[in-house]
Amino acid sequence: MSEERPQNESDEFEEIVEAETDRDPDLAVIEAGSRTLRAQSGPPQGDGMPSRPADPEVDRALREVEGELAKRWPETKLDPSLVRIESLMDILGSPQRAYPSIHITGTNGKTSTARMVESLLGAFELRTGRYTSPHVQSITERISLDGAPISAERFIETYQDVQPYIEMVDAQQEHRLSFFEVLTGMAYAAFADAPVDIAVVEVGMGGSWDATNVVDAGVAVIMPISLDHTDRLGTTPEQIATEKAGIVKQDATVVLAQQPVEAASVVLKRAVEVDATVAREGMEFGVLSREVAVGGQLLTLRGLGGEYPDVFLPLHGAHQAHNAAMALAAVEAFFGIGSQHARTLDMDTIRSAFASVTSPGRMEVVRRSPTVVLDAAHNPAGARAAAEAVTESFDFSRLIGVVGASADKDVRGVLEAFEPIFAEVVVTRNSSHRSMDPDELAAIAVEVFGSDRVQVEPRLDDALEEAITLAEEEGEYAGAGVLVTGSVITVGEARLLLGRG
């Protein structure tokens with residue numbers, strides 16, 4: 001471990017952690033980091049991640065909005081009803097109907113796929129709005145226009161514009177609009193105001209009762225379904241699929257990822273009920289071939305209209321290749337390819353769009369010597385995909401894990417997925433009140449890894465520093481690495497601590 005921190009630095013960090021602990025988990029972002037963790041190979045290029053506003057007045061105003069949002073029901077508290085969000089949409093004049101939408105649900109891969117869809121549509125000179133959650137570093141990431149998060153100023157203005165209508169709905173309803181419902185209303189209003197040509201909307205949780213489901217999307221994308229949020233969505237793939245299939249609307253096109261049989265059958269039944277067309281991964285479209293390349297992978301994709309060879313994707317892992325196939329099929333479906341037209345989209349445009357894709361916090365390299373990779377895997381399926389990706393794409397001689405997870409997740413399942421690839425694991429916590437106590441996490445980790453492979457560092461900056469030190473013990477050129485994972489919040493805070501904010 002490094003020498004003791006100067007007192008003023010330690011005090012500042014403690015003030016931040018204390019302040020963040022009482023906030024909504026999705027507003028919990030540490031905005032200052034350890035001086036020892038800033039070294040990196042160079043500035044991030046084009047990741048589109050916003051930092052805090054430089055103007056103190058704008059920063060103050062944004063914090064006020066964040067504070068107001070934090071007083072509402074957090075995203076972890078659900079009421080299975082669209083009544084409040086529908087009331088807000090009605091009073092705003094139904095902004096969500098001012099543009100067509102591509103709606104994305106599933107357990108894993110939603111955000112990366114949404115970013116790919118956005119990139120593809122933008123390459124065809126369409127003005128896009130993208131709504132995703134949760135955010136990695138800044139709340140403004142959730143609402144994007146033309147491929148970039150809206151500015152802090154525009155975020156504040158959008159909130160101020162809809163605030164009187166929010167208050168009217170609050171007064172009419174038994175429960176006030178939730179944090180997520182307000183943000184969803186803001187996103188739909190911002191997209192209509194822009195205006196956008198098409199919105200790419202990621203479901204927050206589930207489908208049928210998710211606040212985003214007031215859109216009437218012509219394309220419904222259902223990513224792989226596995227067990228997550230079982231206390232809210234169901235304990236079997238079939239139950240979870242029933243909830244997620246709720247985004248499939250009358251006469252829509254369903255782009256369906258490979259699924260457990262029982263989940264697929266639920267979606268297909270829903271499609272029949274509403275006369276939707278189904279495009280199935282592995283049948284109508286898919287990944288024909290992939291090979292690891294420097295900085296990513298080279299793909300041949302089969303779309304709804306034909307083959308797309310030599311597509312470079314600057315993201316790691318087989319799961320990202322499948323995400324790319326899903327994104328391509330969704331965009332083809334939006335353009336009517338596969339049903340109305342039998343042709344491919346312009347090959348050079350597709351290649352250029354995929355080559356420009358970024359997905360912060362998903363197998364993202366944020367430091368070299370030793371290499372530090374961030375991945376927001378927070379359930380067993382995501383952890384297995386991350387473990388496969390890091391093994392395939394990085395030739396680490398020894399890998400140190402840093403894990404900070406939420407207490408309501410299948411933490412044992414996540415740790416078991418990483419056990420074969422971690423030489424040692426440093427367990428820690430992030431600033432969210434949902435974060436599992438490090439000692440409780442360590443107790444599970446010891447059962448999975450054995451006590452000699454587990455270390456505990458309650459502070460995330462100390463955990464990162466310890467993991468980097470362990471990786472460096474092999475020597476500068478020995479090829480050890482660090483993988484930070486377990487939660488989107490952990491990854492977002494690590495990203496800031498490592499100088500990516």
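In this predicted model, helix H13 (residues 411-418) and helix H14 (residues 438-449) bring their axes within 10 Å of each other, crossing at roughly 40 degrees. As for handedness, H13 and H14 make a right-handed crossing.

What do the two helices actually put into this contact? On the H13 side there are Val411, Arg412, Leu415, Glu416 and Phe418, and these meet Leu441, Ile444, Ala445, Glu447, Val448 and Phe449 of H14.

Now for the strands. Strands of a sheet pair through backbone hydrogen bonds, and that can happen in parallel or antiparallel fashion. Here, an open sheet is built from three strands, running in the order E9-E10-E11 with antiparallel pairing. Strand E9 (286-293) and strand E11 (307-313) sit at the edges, each pairing on one side only. From one strand to the next, the twist averages 15 degrees.

Zooming in on one pair, E9 and strand E10 (residues 296-302) are joined by seven bridges in the antiparallel sense. Gly286 stands opposite Arg302 of E10. The sheet also has a helix packed on it: H11 (residues 347-355) touches E10 and E11, and the direction of H11 makes about 25 degrees with that of E11.

Note on methods. Residues numbered from 1 in each chain as written. Predicted model: local features only at pLDDT ≥ 70, side-chain atom pairs only at ≥ 80, totals over all residues. Heavy atoms only, no water. Pairing = 2+ DSSP bridges. Helix = DSSP H or I, 4+ residues; strand = E, 2+ residues; numbered from the N terminus. Axes fitted to C-alpha atoms, helices over the stretch in contact; angles between N-to-C directions. Contact = heavy atoms within 4.5 Å. Left-handed = near helix turned anticlockwise from the far one by under 90°.
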